[in-house]
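This report examines strand pairing, aromatic contacts and pocket lining in one protein model. The sequence and structure are shown below.

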Amino acid sequence: MKKHTGSITIDHVASAAKVSTATVSRALNRPETVSTVLKEKINGVIKKLGYIPNAGARSLMLKRSGTIGVIVPTLDNAIFAQGLAEFQRQLNQSGHQLLVASSNYDPSIEATQITNLLVRGVEGIALFGTSQQREALKLLKTRGIPYIHVGSLTAPLQGYASGFDNREAIKLGVRHLLEQGHKQYGILTGITENNDRATDRVNGALELLAEKKIRLKPEVIVECPYELQEARLGLKKLLLNNPKITAIICGNDVLAMGALLEAQRQGIKVPKELSIVGFDDLEISRHLLPSLTTIHIDAIGMWAQAANHLVSQINGVDNLPKKIKANVNLVIRESTTIAPKH
């Protein structure tokens with residue numbers, strides 16, 4: 001078999017296999033229309049020559065790109081990395097390729113990324129949360145592009161969602177702290193602007209505390225980026241504003257870890273003097289000293305369901321569920337205990 005220099009084309013494959021280019025194309029794109037013997041012969045030639053099919057030509061023939069886009073707020077948080085890995089694993093099973101973009105929690109950047117993904121011919125898009133610009137979502141609907149919201153249980157414009165109720169999920173941690181007798185609270189949250197998940201978690205915590213006649217002043221609700229150093233500064237601020245705080249409700253595990261590190265640096269005993277609750281249940285949370293009480297989200301299941309739902313949309317499956325609920329539960333570890341007696 002003659003070796004070719006430069007780019008290997010479908011013509012080279014056809015010539016080496018002694019078939020037409022149309023037959024090679026059918027073997028690649030509609031394998032069910034080609035005999036098993038011929039298919040194996042063509043695949044053998046493809047492997048030997050190192051031929052890589054032209055994705056653009058394949059898209060034109062099938063009128064499908066085979067790609068699905070996903071936009072997450074950031075790639076810094078392990079919870080997104082874990083979810084994307086599962087999302088891609090599911091897409092691999094359906095023969096789709098994943099394109100990833102991040103928005104840095106900015107709806108205008110997210111709108112641009114949606115347009116960029118559409119330009120690249122994606123067949124569907126997964127979006128995280130529900131803080132997107134409505135015009136961007138309307139563009140997807142107008143173009144007939146399937147999409148799904150991940151990480152939330154509600155969706156604007158009658159869209160699809162795979163996630164959980166953030167407002168109710170945070171209450172699992174708050175209820176635990178209430179049962180431990182805590183009355184002095186601080187909330188360490190991510191930036192709530194353009195972040196429906198962070199907003200819902202704060203509102204859920206305040207709602208349950210208010211039911212128990214505990215009303216927090218604005219100075220004991222501190223917003224900060226999801227970074228350890230920012231969380232450490234956030235805990236300092238909370239304790240300066242109210243030194244009597246015995247329980248910290250954190251919007252995610254990164255913030256809880258920062259709070260834990262700062263408490264330890266200040267010589268505050270966790271949980272004897274200060275209880276801390278996180279959210280997400282990152283892998284590292286169980287290995288901290290003390291290990292972190294947190295709200296576990298079935299991120300793997302949530303992203304897997306989102307991927308399968310999106311593929312079903314693309315394939316035109318009817319009567320798909322509007323909401324797919326992910327499992328959420330409280331994991332009690334060593335960072336919480338009964339409130340100290342003052």
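## Parallel strands and their packing

In strand β7, Leu188 has Val222 as its bridge partner. The model is predicted: local features need pLDDT of at least 70, side-chain atom pairs count only at pLDDT 80 or more, and totals for chains, interfaces and linings use all residues. Residues are numbered from 1 along each chain as its sequence is written, and side-chain values use heavy atoms, with hydrogens and water left out.

Strands here are DSSP runs of E of at least two residues, and helices are runs of H or I of at least four, both numbered from the N terminus. Two strands pair if DSSP finds at least two bridges between them.

| Strands | Bridges | Partner residues |
|---|---|---|
| β6 (residues 185–189) and β7 (residues 221–223) | three | Leu188 and Val222 |
| β8 and β9 (residues 275–277) | three | Ile248 and Ile276 |

Burial is assigned by relative accessible area (buried under 20%, exposed over 50%, partly exposed in between; 1.4 Å probe, protein chains only). Five of the five residues of β6 are buried, so this strand is largely enclosed by the rest of the structure. Both of its faces are covered, with Tyr185, Ile187 and Thr189 on one side and Gly186 and Leu188 on the other. Strand β8 is likewise covered on both faces: Ala247 and Ile249 are buried on one side, Ile248 and Cys250 on the other.

## Aromatic contacts

Rings of Phe, Tyr and Trp (its six-membered ring) pair if their centres lie within 6.5 Å; planes under 30 degrees apart count as stacked, over 60 as edge-to-face and the rest as tilted. The whole structure holds five aromatic pairs. One of them joins Phe80 and Phe128 edge-to-face, at 4.8 Å centre to centre with 90° between the planes. Phe80 lies in helix α5 (residues 78–93) and Phe128 in strand β3 (residues 124–128), so the pair ties together parts that are 48 residues apart in sequence. Phe80 counts as buried at 5% relative accessibility, and Phe128 is buried at 12%.

Phe128 also forms a stacked pair with Trp303, at 5.9 Å centre to centre and 15° between the planes. This pair links distant parts of the chain, since Trp303 belongs to helix α12 (residues 299–314), 175 residues apart from Phe128. Trp303, like Phe128, is buried. Ring pairs link Phe80, Phe87, Phe128 and Trp303 into a cluster.

A charge sits over a ring if NZ of Lys or CZ of Arg is within 6 Å of the ring centre and within 35 degrees of the ring normal. The charged end of Arg201 is placed in this way over Phe279, 3.8 Å from the ring centre. Lys322 lies over the face of Tyr160, at 4.5 Å from the ring centre.

## The largest pocket

On a 1 Å grid over the protein atoms alone, a pocket is an open set of points with protein on both sides within 12 Å along at least five of seven lines; lining residues have an atom within 4 Å of a point. The largest pocket is lined by 15 residues, and Thr74, Tyr105, Pro225, Tyr226 and Glu227 lie nearest its centre.

Methods:
On a 1 Å grid over the protein atoms alone, a cavity is a set of points where a 1.4 Å probe fits but cannot get out, and a pocket is an open set with protein on both sides within 12 Å along at least five of seven lines; lining residues have an atom within 4 Å of a point.
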